[in-house]
Amino acid sequence: MHADLLPVALANYVALSSVIFFIGVAGVVLRRNPLIMLMSIELMWNAANLLFLAFARAWLNNAGHIFAFLVITVAAAEAAIGLAIVVIVFRSRANVDVDEIALMKG
Amino acid sequence: MALVLILLPIAAGCALFLLPRGERTISRLAGSAVAALTFVLPLVAQNGGEFSVRWLSRPFTAALHFAWTGPSLWLVLLLALCTYCAIVATNTAQNRSMIALLLMLEGCMMGLFTARDILAFALFWDLMLIPPFFALIEWGTHRDTAWRFLIYNFSGGLTLLLATAAFGVLSGSTDVIGSTHQFAGSWAPWIFAGFAFAFAVKTPLWPLHTWMPNTYAELPPPFVAVVSAVQSKAGLYGFIVIALPFLRTSMAEWRWLIVALALVSLLYGAFVALTQTDMKRIVAYSSLSHLGLIVLAIVSANPIAIKGALVYIVAHGLFSAALFLILGYYEEREETRSVLKLGGLGAVNPKLAGAFTIAALAALGLPGLAGFAGELVILTGVFRAGYFWPALIALIPIVIASAYMLRLLQDTINGPQLADIPQRRDLTFAEALAVAPLLAALLYVGIYPHALLAAVMH
Amino acid sequence: MPNFITHQDWLAITPLLIAGGGALIVLLVDLLWPKHSPRAVSLAIGIGVLLAAGAFAATTYGRSYNAFNGGFMLGGFAVVFQEIIVLSAILSLSLFGTFGRDDRMAGITALLLWSTTGAMLMAGAANLMTIFLGLELLSLALYCLCGVADRAASQESALKYLILSSTASGFLLFGMALLFGATGSVTLASLMLPGLAANPLYWMGGGFFLVGIAFKLSLMPFHVWSPDVYEGAPLPVTAFMSVVTKAGTLAVFARFAYALPAGGKLLLPFFVIAGVSMIGGNLAMLAQTDLKRLLAYSGVAQAGYMVAALAGASALGMRYAIYYLAAYMFMNLGAFAIVAVLSGEREEGAQIAAFRGLGQRRPWLAAAMSFFLLALAGFPPTAGFLGKILILAATVNAGYAWLAALLIAGTAISLYAYFKVLRLMYDPHDQPAPGPRTSAPLAYAGAALCAAFVIIMTFYPLTPSNVLPLVK
């Protein structure tokens, strides 16, 4: 690991992204609005992105940067499809609370 | 050749399904012809009809290896004979489906008895459950009987599968039936336990027998004749060709348990048979008792007892098939299986009563019939093996067998003729054709058991 | 190590390019056709493209090549997985003969082809980036496919799948980031470095990664999405994802598992989860009244069996996992094909009650369904039987006898669920349920093909040699 970035600083990044990640998890678990849930998922993915960038710096390995770009691209596609699906569901039933979307019970 | 023996009945069974649903005559003729052919084939073909192709080379070697030699030959002949008789005796509106299933059952069990590879044995072990299962769904009266039959026997099949896998991995090959090499190691007792559980369910041994009485009572007579006469021998055959040659030392570790269960089965089957009023159930419980005796013979591991076991396996197959077929005739005529509602039938249909008497006397071990020869040799062997008390206890059910078999005869054939029973026809030619070979074989083996013993010696 | 992309690299991913590019052709034809292209045209192009991709992939069998600097591994099991994925895509596509609106068929075909491309990428992916890319390509197309039917349940299933699957991708991604932090490299080969065991990032990253994998494989307790999504999605899509997501994810898991230092402790909880799935999945099957849900829970258990084969990371285990996956593909897709034959657009055939009295109504269909159900239960003479014994042998051999015992127990439980359907089909006391008389020649052909392979595989158990995942 490169000496520039002290382990302490790196630990901060890990801690921060972990916090963001679990905020995202909590959002998915606790909130019932699909839009908020999609946002929480974005949080989880971006927590991973942050981590990739931090480690890319620490290892001086560009792969982390590339990975982050890849994730951003995929996340954009994901958001597009996600919103489209939410719109379809919304059209057919005029509300988007997942508790009410319960034709099927897991 | 052995492959023909397996595939011919299965293919014929499938072909019968192409006939129209209500067809009766062609299926019966074709079915009995195929069954007769499978009886003749092993007698004329040379070299035990050996067939072998490589199946697996990893993680253990296995082969689709079939042949009939030694004890296999007798079971193959017994199976072909019983199937033939059962098909001839089939006489219902659904002849086509029943005969097709009987032929498939025969093919599957041919595979089991001729398999020289434990994996092939396991394959046919599970496969032979399917025809009786569909027969129970189609003709059984209670919905749960089919389920109980399947789950008990399939559980046995699964432990067999696990034991086979472990055996294969540890010994390197499953293509071993017919050879003898002792399999040792810390896993051996557990592998034996896996095999023994499957065999004990199939035989059945107390307390794993609870699927058996209902299954036997609800299967149509031709089916139960084959299942009780031959399919129940699969477990005993497994003990003889797998447990004895490879896992004898492990068997010795479990011997106390198996001897105890066999004795309980002997006594329990006999006593319960005394209390039953349903004719088929009386014979079903008597089977439990008789097969317990064979298990006792096998675990004693005495050569004489094992010879006796083989004779008795054939004998029991013959008389239980005959008994179930004859009970089927009675059931068809009188529309009841309860001995309480029958009586004095001997005067009405003497020929049928005569056949019934011969089969029942064989079952209770009358000298001169096959049952006696088997019992005598078994008891001698078990006694020689040093099992004084088990041999002595095993005598009790033999005495009780006389009681329940004679009571069965007494209540149906003899006694006062019950007033509300209408006149029925006697044994027809076709029915006689189905039972006669079984009774003839009973006499032959009873008078000249040496023929069987000599063949088994190889 | 050359840093530029060569001709060889492109050759390695040509099957993917064929499948992905074929989707564009399907769309283009639809665009140029007056109004919309007919259903048969889209399906024919789709199947043709898949056949071409499969044929091209087959030519690379046995060749070992490390394309894109380790991003995509040719050789090892990649080709075998690709063939399984292509074949199940073809079989699922053939079920679309009776489902879906005509004017959407081009889009559906294209999405299915892209999804297949993603799974094929996963089959060869050997670094974290390509794994993620393949997985997302597979999943994104599948979200859309789940929602293509005009039913509320279908749209719901799309939303559910989207949210739960993206959450799982989040776990996977976070795990990947941590693993990158632990090794400083995105290649799986770097997991073989010594001294990783001392690094907490490695344990955390591996844990998150495996949670994501367990979710995608629908192992208990991460299976909650699968019954709902299977039930809501259009039948051919359910058939497709039941096999293809498992195939792709299993390939990724295998590459990961075989890269870890032998006997990686990291994997032990994963095998425990596989054991839980075998029991729990089969138990949950008992309560189902919808055949798609039943097959979803069956899939949970079967995924458990496949993972169990990999316990101990032996070469034989890998072969048997592949064998069982192929067997599962044929058994499962065969059963789905029968359901498709019995279903109209509303998917009546997916209700277990629709099978009442099928033995009298349509005896050959009933016989075929019984065959597939018995195969799933592990009865001979089917590949399900031989696959189970091979997995048992592999687990016993690898010293995981407890997994073998759980497999046996789970199978015994599963029998009752399959038995319920069997009894319903043949019980003479019941009146037959009415059903549509559909004619679906493609589905019939698919079912026949599956049945034939289920039997053939039993007696000619060709497991491809040289399938060890290469992770260099």
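Analyst: In this predicted model, the axes of α16(C) and α17(C) come within 7 Å and cross at roughly 155°, where helices are DSSP runs of H or I with at least four residues, numbered from the N terminus, and axes are lines fitted to C-alpha atoms over the stretch in contact, with angles from 0 to 180 degrees between N-to-C directions. That angle makes α16(C) roughly antiparallel to α17(C), a label kept for angles over 145 degrees. The crossing of α16(C) with α17(C) is left-handed, that is, the near helix is turned anticlockwise from the far one by less than a right angle.

Residues are numbered from 1 along each chain as its sequence is written, while chains are lettered from A in the order in which they are written, and ligands are numbered from 1 in that order. Local features need pLDDT of at least 70 and side-chain atom pairs count only at pLDDT 80 or more, whereas totals for chains, interfaces and linings use all residues.

On the α16(C) side, the contact between the two helices is made by Lys388(C), Ile391(C), Leu392(C), Thr395(C) and Val396(C), and on the α17(C) side by Ala401(C), Leu403(C), Ala404(C), Leu407(C) and Thr411(C); residues are in contact if their C-beta atoms, placed from the backbone, lie within 7 Å. By class, seven of these residues are nonpolar, two polar and one charged, with Ala, Val, Leu, Ile, Met, Phe, Trp, Tyr, Cys and Pro counted as nonpolar, Asp, Glu, Lys and Arg as charged, and the others, Gly among them, as polar.

This pair also takes part in the contact with chain B, in which 25 residues of chain C meet 29 residues of chain B. Both α16 (383–397) and α17 (401–426) of chain C supply at least two residues to the side that touches chain B, and the largest share, nine residues, comes from α17(C). That side of chain C has 20 nonpolar, two polar and three charged residues.

Chain C also meets chain A, with 33 residues from chain C and 35 residues from chain A in the contact. On the chain C side, two or more residues come from each of α6 (128–146), α7 (152–183) and α9 (225–232), and α7(C) gives the largest share, 17 residues. By class, this side of chain C has 20 nonpolar, nine polar and four charged residues.

Phe55(A) counts as buried because it has 27 C-beta neighbours inside 10 Å, the threshold being 20 or more other C-beta atoms within 10 Å. The C-alpha atoms of Phe55(A) and Val14(A), 41 residues apart along the chain, are separated by 9.2 Å.

Helix α2(A) as a whole is mostly covered, with 19 of its 26 residues buried. Its end C-alpha atoms are 37 Å apart, which agrees with the 38 Å that residues 34–59 should span at 1.5 Å a residue, the expected span being 1.5 Å times one less than the number of residues. Just after α2(A), Leu60(A) takes a positive phi of about 50°.

Key:
A residue is buried if 20 or more other C-beta atoms lie within 10 Å of its own, exposed if 12 or fewer, and partly exposed in between; C-beta atoms are placed from the backbone. Angles under 35 degrees count as roughly parallel, over 145 as roughly antiparallel, 65 to 115 as roughly perpendicular and the rest as oblique.
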